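Please keep the structure in view while reading.

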Amino acid sequence: MGDRLRLAVGVMGNASSLLLFTAPILTFSRVIRKKSTEEFSCFPYIISLLNCLIYSWYGMPIVSYRWENFPLVTINGLGVLLEVSFIIIYIWFATARSKASYYKAYLMKVAAMLVPVILLFCTTTIISAFVFHDHHHRKVFVGTIGLVAAVTMYASPLVVVRKVIRTKSVKYMPFYLSLFSFISSSLWMIYGLLSHDMFLASPNIAATPLGLLQLIVYCIYRKKGIREEPSKWDIEQNEEKSKQLQVVTDNNTNDKS
């Protein structure tokens with residue numbers, strides 16, 4: 001009965017995680033449509049990539065005992081593919097606006113976050129595979145890193161909360177990302193407790209209230225008046241249009257004279 005319940009919760013956790021990983025599709029369909037990353041942050045997707053990489057490795061037989069954590073491998077493997085796709089799309093459209101100094105600086109920040117994530121994952125796999133020689137110590141090592149990565153992933157949308165509070169606008173706070181984050185962390189918390197695996201339960205115990213906080217903030221500011229801040233790109237674009245208009249006006253004046 002206990003194993004069946006754990007499996008059922010694992011399947012529901014997979015389903016909720018799938019919704020969580022695919023939630024940014026709505027955001028990136030807007031990015032593709034507008035050909036601009038606007039004020040969206042790439043940080044949540046980079047941290048999610050790290051989380052998926054670490055937990056895919058955690059579920060592999062070399063770390064876990066046989067396939068006891070097979071649900072982790074399936075959903076996080078798919079999550080890796082999705083997060084990589086989102087990051088590529090983000091960099092592509094941010095690069096399109098790279099002539100603005102603001103976007104150049106931001107792309108450097110994205111690279112500064114992405115490179116350490118890849119290096120951290122590679123280091124984790126090498127150490128766990130060749131330094132430790134039993135499943136227990138491998139799980140402790142990889143699970144500790146995964147714990148930090150998972151809490152950071154679920155807390156990453158909080159980067160936007162400050163902007164929401166300042167502008168009183170939820171425009172750049174994806175609702176479904178926060179909703180599915182709350183549901184997913186709740187289910188994986190239960191799965192971890194049923195499995196007596198604190199490396200699965202602990203990060204989700206912390207992540208569940210964080211997801212709830214994001215939903216509360218969204219509900220508070222959803223119906224309030226929207227006060228948007230113009231993006232730096234919009235300001236530069238308007239300045240360029242003003243200069244072009246001034247040139248046209250001057251040419252018309254010279255023709256008349």
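In this predicted model, leaving aside residues up to four places away in sequence, N51 touches N76, G146, A149, A150 and M153. N51 lies in helix α3, and at 5% relative accessibility it counts as buried, because the cut-off for that class is under 20%.

Helix packing around α6

Two packed helices are described by the angle between their axes and the distance between the axes. Helix α3 (residues 43-59) and helix α6 (residues 135-155) have axes that come within 9 Å and cross at roughly 155 degrees. Because angles over 145 degrees count as roughly antiparallel, α3 is roughly antiparallel to α6. The crossing in which α3 passes α6 is left-handed. On the α3 side, the contact is made by F43, I47, S48, L50, N51, I54, Y55, W57 and Y58, and on the α6 side by K139, V142, G143, I145, G146, L147, A149, A150, T152 and M153. Sorted by class, this contact of α3 with α6 has 13 nonpolar, five polar and one charged residues.

Helix α6 also packs with α9, at an angle of about 5 degrees and with the axes 9 Å apart. Since angles under 35 degrees count as roughly parallel, α6 is roughly parallel to α9. The residues of α6 that meet α9 are K139, V140, G143, T144, L147, A150, V151, Y154 and A155, and their partners in α9 are F199, S202, P203, N204, A206, A207, L210 and Q214. By class, the contact of α6 with α9 has eleven nonpolar, five polar and one charged residues.

Which residue forms a salt bridge with K139? The partner is D197, with the closest N and O atoms 3.8 Å apart. This pair links distant parts of the chain, with K139 in helix α6 and D197 in the loop between α8 (175-194) and α9 (198-222), 58 residues apart. K139 is buried, at a relative accessible area of 18%, and D197 likewise counts as buried, at 7% relative accessibility. The count of salt bridges comes to one.

Positive phi in two loops

Most residues other than glycine have a negative phi. R66, although not a glycine, has a positive phi of about 50 degrees, and its place is in the loop between α3 and α4 (70-96). H196, also not a glycine, has a positive phi of about 55 degrees and sits in the loop between α8 and α9. The accessibility of these two residues is set out below, together with that of the residues discussed above.

| Residue | Relative accessible area | Class |
|---|---|---|
| N51 | 5% | buried |
| D197 | 7% | buried |
| K139 | 18% | buried |
| R66 | 59% | exposed |
| H196 | 72% | exposed |

The chain as a whole

The secondary structure of the protein chain comes to ten helices and zero strands, so that, under the numbering from the N terminus, the elements run α-α-α-α-α-α-α-α-α-α. Of the 257 residues in the protein chain, 44% are buried. Among contacts between residues at least 6 apart in sequence, 78% join residues at least 24 apart.

Methods. Residues numbered from 1 in each chain as written. Predicted model: local features only at pLDDT ≥ 70, side-chain atom pairs only at ≥ 80, totals over all residues. Heavy atoms only, no water. Axes fitted to C-alpha atoms, helices over the stretch in contact; angles between N-to-C directions. Helix = DSSP H or I, 4+ residues; strand = E, 2+ residues; numbered from the N terminus. Parallel < 35°, antiparallel > 145°, perpendicular 65-115°, else oblique. Left-handed = near helix turned anticlockwise from the far one by under 90°. Contact = heavy atoms within 4.5 Å. Nonpolar A, V, L, I, M, F, W, Y, C, P; charged D, E, K, R; others polar. Salt bridge = Lys/Arg side-chain N within 4 Å of Asp/Glu carboxyl O. Buried < 20%, exposed > 50% of the residue type's maximum accessible area, 1.4 Å probe, protein only.
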